[in-house]
Amino acid sequence: MSNKVQYLFQDKYDKLKEELKFLTKTKKLEIAKRIDEARQMGDLSENAEYHAAREDMGWTMARAREITSILDNSEIITKGGSSSIGLGSTITVEVRGKEKEYTITGPQEADPLNGKISNESPLGSAFLGKKKGDVVEVQIPSGTQEYKILNIQ
């Protein structure tokens, strides 16, 4: 993983720390025990349990390294409170006659179906720095979409 800044809300940061703790303190030990037990069964070349446990250990250690990199390069997002849109802002916009609410997050927390959009996405980056009342145009595959900013929190 790169050394790019990873923007996270405090709760996501805390969840990643808990996941890392679980992976390194609990899961790693459980898998090591499985590997040891599988070794005691004899011939490793045809021991499916041994190979599955080794594969699980590889995934666990890779995920632990990924989380460590994210945490080492993270910056905590503070929620809104500005007159212009930035990381942590929750905004209400009007698009095609309907109101929608979005929260601007870092890529690790993006969940577009639940209104959390990344600051690096085309929509999220288009909103950054805008103010209440601004109209934002975003290119989408079917053309240009207009979003009027109604509220910033």
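Over how many bridges do strand β3 and strand β4 pair, and is the sense parallel or antiparallel?

## A β3-β4 pairing

Keep in mind that this is a predicted model. Strand β3 covers residues 90-95 and strand β4 covers residues 98-105, and the two run antiparallel, joined over six bridges.

Now zoom out a bit. β3 and β4 belong to an open sheet of five strands, and reading across gives β5-β4-β3-β7-β6. The pairing in this sheet is mixed. At the edges sit β5 (116-118) and β6 (135-140), each with pairing on one side only. Going from one strand to the next, the twist averages 45°.

## The largest pocket

The largest pocket holds about 190 Å³, and 14 residues line it. Y102, P112, I117, L123 and Y147 are the ones that lie nearest its centre.

## Where sheet and pocket meet

Several strands of the sheet turn up again here: β4, β5 and β7 (143-152) each supply at least two residues of the pocket lining. Which of the strands gives the most to that lining? That's β5, with three residues; β5 is also one of the edge strands.

Definitions and conventions: Residues are numbered from 1 along each chain as its sequence is written. This is a predicted model: local features need pLDDT of at least 70, side-chain atom pairs count only at pLDDT 80 or more; totals for chains, interfaces and linings use all residues. Side-chain values use heavy atoms; hydrogens and water are left out. Two strands pair if DSSP finds at least two bridges between them. Helices (H or I, at least four residues) and strands (E, at least two) are DSSP runs, numbered from the N terminus. Axes are lines fitted to C-alpha atoms, for helices over the stretch in contact, and angles run from 0 to 180 degrees between N-to-C directions. On a 1 Å grid over the protein atoms alone, a cavity is a set of points where a 1.4 Å probe fits but cannot get out, and a pocket is an open set with protein on both sides within 12 Å along at least five of seven lines; lining residues have an atom within 4 Å of a point. Grid points are joined across faces, edges and corners, and a volume is the space filled by probe spheres set on the points.
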